[in-house]
Structure formats: C-alpha cells, structure tokens
Amino acid sequence: MNESSEFLNYTGPVDYNKIDFLLNDLKESREFLNIDKDTGKRVYAIVVECLENIIKYSIKDFAGKMNPEPAITVLKQSDIITIKAGNAIEADETGEIIHNINRINSQDDNALNAMFEKTINKSFEKDDKGAGLGLMLMKLKSGNNISFNVTRLDSHYNYLELIISVNEYLV
Amino acid sequence: MRKLIVNRTSNSPEVHFDPANGRYDISGESRPPNVPAFYDEIIGWLNDFSSYLSSSSDHKGPVEFNLDFDYFNSSSAKYILDFCKKVATLRVNVENTSIRWHYESDDIDMLEAGKEMSRMARIPFDYVQKDPDGKRI
C-alpha cells in the first residue's frame, strides 16, 4: 500500500511575504523533516522557483475576480515527492511558456547545463523574468521532466499548472 | 574606503564588507524580492573598491571574499556569477584577492555550484567545508 503525506497545501494570493510564510511552513513540516537532507534541499529550491514563478506570471488583478486562485501543493507518495503549482496566466503568454518548457524537457542533462550556462552569462533585460533559469533549474534539480496542464478559463486567461517530481534518495 | 553592511533578512543574505578590518563576507539565503537591486548595490561597492585599490597605496593584506550561502535562487545565481566575474577582474590588479566558497560537508549541490561559478567566472575558489550545523570544519 502506498502511503501519501502532505508537506504543503496552499491556495490563495502569493506575494513575497507569503512566500516566506509558506517556506517556513514547508521547512517545519514533520514530513519535510523526515526526508533526507539532500532531497529536502532540492524540493525547497524547486518550491521557491515555483512560488516566484507564480508572482512573475500571475495575472495581477485576476485573483479575487474569478477562481481558481494560485495554488501550490507538495505531496510525497512512496519515494516520489510531487510539487504542483498553478496560477492564471495571460492567454497570449501561454504559447511562449509552453514552448520554453518543451524546449527544456527535450534537453538531456549536458545540453540543459549548457543552456543554463549560456543564459546565466547573458545580460538580463528588465522584463526578462529570469529568462527561463527557474524552469531549467526545476528540471536539473528534480532530474525529471516538467509536466504541465493548461486549462482555458476564458478568451483572455488560462490556468497553468506545473508538476515536478523528485525521487527521494534511498539511503 | 566605505563599509558596506546589509543586514540579513528572511530572504536576503547578510553582507559585511569592511576593508578597514579586512572582512568581506556574504552569508545566508539569497532570494530577495528584487534580486537586481540587491546585487547592484554589492557590485557597485565592488567597483568603488576596485577604483580605491587602484588609486590608493594604503590597502595592505589579502582580500578574501567569503561566500557562505545556505541557498540561492536561480535569479541570484546570475548575479552571484557577475559578482565573481568582477572579483576575477579585481584579482588582475590585486594579486592576493580570492574567493572562499563555503558549503556544508554533506551539501554536494552547493559544492558543485561553487565549482561551476569558479569555472564560469575564471577564478579559482578555495572551498571551505562546514559541518551540517554550519560550523567551519
């Protein structure tokens, strides 16, 4: 029988104060403290990038007008920790984000490390939003592809959910 | 040369650059809300320090930058690399300039991140192990 345990489960608006609050919750959860430290650091890094992506890409005045609001969950089942993070995005931005995820997923580790190095050495423009470094890091830290679901909300907005799985190291 | 002291917060590291006392430390967690603004201040100080060293014969002794991160996000990584590149430039003129990269003995990812930073910035790092409680070994 596969037991599951929940590290974090939040739905609602996200700002930088809320990120601090959620990360504290994560770090103090009994389930998080029970996983090995190396895996915990990787999960923490991915959760930070997911929460910051929510701030970068969320529709600023969307939350409160319509459901669904931004959400993040971190669950462990057997030896797999799954991070799900979702938020409403502009329909116009959806294609580019999906293209970036697919491009990152299509790279093996060597190619992705080379892509990360090329990006980190570039000058960032003001509106680069990290230039995809966060998504690259999610795949590199997890060792798995980034899965996603896109749900159409209306003609202007979609809801994007990222799903990242981390295999816990067996000591 | 002025000091640069920035207090640690829940999401940004402590910065303690004090040429008079030979202390150049960044420590803590780096995911500040405005990463470019946070590191622009540090890199701006480093530019001033570089000018000071070029024009002054007062400064003596090594310049050891201690980078002791618990964690840094992907945006910070870009600016930490920029910082290391600036230090590499400084090293051309001030020979005894170095970067000491601190990592917990069981944190292989942080050690590997340091090695990558060192390679990309083209400056050798000294690697300093800490025990898992954060004390230097």
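In chain A of this predicted model, A:Ile19, A:Leu22, A:Leu23 and A:Leu26 of α1(A) meet A:Tyr44, A:Val47, A:Val48 and A:Leu51 of α3(A). Contact here requires C-beta atoms, placed from the backbone, to lie within 7 Å. By class, this contact has eight nonpolar, no polar and no charged residues. Nonpolar covers Ala, Val, Leu, Ile, Met, Phe, Trp, Tyr, Cys and Pro; charged covers Asp, Glu, Lys and Arg; the others, Gly among them, count as polar.

Residues are numbered from 1 along each chain as its sequence is written, and chains are lettered from A and ligands numbered from 1 in the order in which they are written. Local features need pLDDT of at least 70 and side-chain atom pairs pLDDT 80 or more, while totals for chains, interfaces and linings use all residues.

**Helix pair α1(A) and α3(A)**
- Helix α1 spans residues 16–28 of chain A, and helix α3 spans residues 37–57.
- Their axes come within 11 Å and cross at roughly 155 degrees. Axes are lines fitted to C-alpha atoms, for helices over the stretch in contact, with angles from 0 to 180 degrees between N-to-C directions.
- The two helices are therefore roughly antiparallel, a label for angles over 145 degrees.
- The crossing of α1(A) and α3(A) is right-handed: the near helix is turned clockwise from the far one by less than a right angle.

**Helix α6(A)**
- Helix α6 (residues 133–142) of chain A is mostly covered, with nine of its ten residues buried. Buried means that 20 or more other C-beta atoms, placed from the backbone, lie within 10 Å of the residue's own.
- Among the buried residues are A:Leu133, A:Met136, A:Lys139 and A:Ser142.
- The cover includes α3, α4 (91–105), α5 (109–120) and β5 (157–167) of chain A. Helix α2 (74–93) of chain B also contributes.
- A:Gly143 follows α6(A), with a positive phi near 75 degrees.

**Contact between chains A and B**
- Chain A gives 17 residues and chain B gives 15.
- On the chain A side, α1, α3, α5 and α6 each give two or more residues.
- α3(A) gives the most, with seven residues.
- The chain A side divides into eight nonpolar, three polar and six charged residues.

**Chain A overall**
- Chain A has six helices and five strands. These are DSSP runs, numbered from the N terminus: H or I of at least four residues for helices, E of at least two for strands.
- From the N terminus on, the order is β-α-α-α-β-β-α-α-α-β-β.
- Of the 171 residues in chain A, 32% are buried.
- Among contacts between residues at least 6 apart in sequence, 70% join residues at least 24 apart.

Key: Parallel < 35°, antiparallel > 145°, perpendicular 65-115°, else oblique. Contact = placed C-beta atoms within 7 Å. Buried ≥ 20, exposed ≤ 12 C-beta atoms within 10 Å, placed from the backbone.
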